[in-house]
Amino acid sequence: MAAKTEERIINIQPIVRHKFSVRIVGDSPLITHQWSEKAKKQIRDTKSGAPKVKRREPCNPIEEGMRAAYWLTPMPEEFTEEAFAKAIAEGARFGVKAISFKLAGNSSAYRQGWVKNQMALRQAYSIEADENDLVEIHAQDVSIREDNVTVGMGSADLRYRPMFSEWYVDLVVSYSESGQVTLDDILSVLDAGGDVGVGEWRPEKDGAYGRFHIDRSSVTLLG
């Protein structure tokens with residue numbers, strides 16, 4: 001006689017999601033670096049086996065710096081200091097990768113021993129952004145900086161990238177009420193991420209740029 005199979009009823013509760021906004025305040029200037037189409041083309045050519053072009057084209061520092069920014073408004077067609085300054089004066093808007101703040105927070109939480117691995121935090125909350133994963137960065141000053149870098153087999157080169165001073169970012173974060181991570185947990189994780197930093201030459205990459213903290217007084221529940 002066959003053994004009787006007992007039915008198990010699983011009661012799955014609806015997922016209740018909440019949102020809140022919080023302001024991220026920069027403690028040191030932020031340097032962003034978007035890959036230009038020229039750099040992407042060089043990588044594609046290398047992967048496809050296209051012949052290498054030995055002649056190096058002249059560098060336009062302003063153009064390189066402007067192309068390294070994440071423009072939310074149209075980038076000027078002219079790559080001059082005057083065109084860049086005019087765009088800033090007329091209210092040019094720039095972005096920064098939203099995921100960078102989550103990565104910084106999760107990395108810091110793991111290093112401090114708050115979690116055994118970062119997988120749980122990856123699924124615990126999300127940061128809203130546009131279709132390019134960008135959130136707007138607000139800054140008192142935007143400039144193009146020159147840095148000495150080491151590339152390849154130790155050869156030196158110069159890089160030109162945008163730098164944002166006295167900056168802040170407003171994030172909208174969503175999370176599940178039924179999850180194991182609370183709103184206060186998420187705030188603490190994001191705040192700890194300020195020691196890791198975002199952007200180029202951040203503390204995680206042996207720099208001092210892109211450090212931040214959260215403004216807890218700015219936290220607003222959105223639903």
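Reader: Which residues do ring pairs link into a cluster?

Author: Let's start with what pairs: rings of Phe, Tyr and Trp (its six-membered ring) pair if their centres lie within 6.5 Å, with planes under 30 degrees apart counted as stacked, over 60 as edge-to-face and the rest as tilted. Keep in mind that this is a predicted model, where local features need pLDDT of at least 70 and side-chain atom pairs count only at pLDDT 80 or more, while totals for chains, interfaces and linings use all residues. Side-chain values use heavy atoms, without hydrogens or water, and residues are numbered from 1 along each chain as its sequence is written. The cluster joined by ring pairs is made of Trp71, Phe84, Phe94 and Phe164.

Reader: How many aromatic pairs does a search of the whole structure find, and which strands do Phe20 and Tyr175 lie in?

Author: The search of the whole structure turns up six aromatic pairs. One of them is Phe20 with Tyr175, edge-to-face at 6.0 Å centre to centre and 65° between the planes. Strands (E, at least two residues) and helices (H or I, at least four) are DSSP runs, numbered from the N terminus. The pair ties together parts that are 155 residues apart in sequence, because Phe20 lies in strand 1 and Tyr175 in strand 7.

Reader: Is Phe20 buried or exposed?

Author: Buried means under 20% relative accessible area, exposed means over 50%, and partly exposed is in between (1.4 Å probe, protein chains only). Tyr175, with 13%, is buried. Phe20 has a relative accessible area of 0%, so Phe20 is buried.

Reader: How many residues apart are Phe101 and Phe212?

Author: Phe101 and Phe212 make an edge-to-face pair, 5.4 Å centre to centre with 70° between the planes. Phe101 sits in helix 4 and Phe212 in strand 8, so the pair links distant parts of the chain, and they are 111 residues apart.

Reader: Which residue lies over the face of Tyr125?

Author: A charge sits over a ring if NZ of Lys or CZ of Arg is within 6 Å of the ring centre and within 35 degrees of the ring normal. Arg161 does this with Trp201, at 5.9 Å from the ring centre. Over the face of Tyr125, at 4.8 Å from the ring centre, lies Lys102.

Reader: How many residues does the largest nonpolar core have?

Author: A nonpolar core is a set of buried Ala, Val, Leu, Ile, Met, Phe, Trp, Tyr and Cys residues joined through side-chain atoms within 4.5 Å. Residues with the most contacts inside the largest one include Phe94, Phe101 and Tyr125, and its total is 41 residues.
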